[in-house]
Amino acid sequence: MTIAASHTNADAGELDNFNRLSNTWWDLEGEFGALHKINPHRLAFIEKHGTLKDMQALDIGCGGGILSEALARAGAAVTGIDLAKEVLTIAKLHGLDSGIKVDYQLVAAEDFAQQHPSRFDLVTCMEMLEHVPDPASIIRAAAQLVKPGGWVFFSTLNRNYKSYLLAIVAAEHVLNLVPKGTHTHQKFITPAELDAMAREAGLYLRDSAGIEFNPLLNRYGLSDNLDVNYLLAYQKGL
């Protein structure tokens, strides 16, 4: 398995796991079906804070391109970066089929930030922070990459007993919403922890939302509850 990274903030086991499942990324009923179901809600949260038309957008940890393509479809010029080589190949191939243009690059966020400071109008980093050894490093890179006054959107998982029961026991082992072994509870990040790292990087919290799942209706939606999955919207200081 090839892992291209000049920066060390990557977990080889995590990358191998995602690469192993790469061919299921765009199967709506497959291993990553939950990502497809929450994606409209992630996009709605982003669009709540301004138009995407003609914006320069960066998707950190873009995976197979689910959010990247949605951002591009909404009018943004999108760059997607990731360190899972096989997954990026799937993203590029799907883009050829969909006709949606995204510039996918195999590069670490920290290295990309050194090359392109203050380049983007908005930066997204969704469902990634809980998979890296040093989430603060990714947050600093996101802050470096966005223009002053630009937006940065994070989503991750809260760390508490409820999130363990719902995001790991229920989602991975009972309902099979995500592949088993996808998450490690100790890597989950509380909103307060994330906000402290973001403020240290010069980002200012503007909005928040939770993503909730109704197992009876098999539906996701946005709420004010940040107990499990949550989204935070930041702006970079001028």
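Partly exposed describes a residue whose relative accessible area falls between the buried class, under 20%, and the exposed class, over 50%. Asp-134, with a relative accessible area of 33%, is therefore partly exposed. This residue takes part in a salt bridge in a predicted model, and the structure holds nine such bridges.

**Asp-11 and Lys-187**
- Asp-11 pairs with Lys-187 in a salt bridge whose closest N and O atoms are 3.1 Å apart.
- Asp-11 sits in the segment before helix 1 (12-20) and Lys-187 in the loop between helix 7 (161-174) and helix 8 (191-200), so the bridge ties together parts that are 176 residues apart in sequence.
- Both partners count as partly exposed, Asp-11 at 24% relative accessibility and Lys-187 at 26%.

**Lys-48 and Asp-207**
- A salt bridge joins the side chains of Lys-48 and Asp-207, with an N to O distance of 2.8 Å.
- This pair links distant parts of the chain, 159 residues apart: Lys-48 is in the loop between helix 2 (33-47) and strand 1 (56-60), and Asp-207 is in strand 6 (residues 203-214).
- Lys-48 is exposed, at 58% relative accessible area, whereas Asp-207 is buried, at 17% relative accessibility.

**Arg-140 and Asp-134**
- In the salt bridge between Arg-140 and Asp-134, the closest N and O atoms are 4.0 Å apart.
- Arg-140 is partly exposed at 45% relative accessibility, and Asp-134 is partly exposed at 33%.

Note on methods:
Residues are numbered from 1 along each chain as its sequence is written. This is a predicted model: local features need pLDDT of at least 70, side-chain atom pairs count only at pLDDT 80 or more; totals for chains, interfaces and linings use all residues. Side-chain values use heavy atoms; hydrogens and water are left out. Helices (H or I, at least four residues) and strands (E, at least two) are DSSP runs, numbered from the N terminus. Buried means under 20% relative accessible area, exposed over 50%, partly exposed in between (1.4 Å probe, protein chains only).
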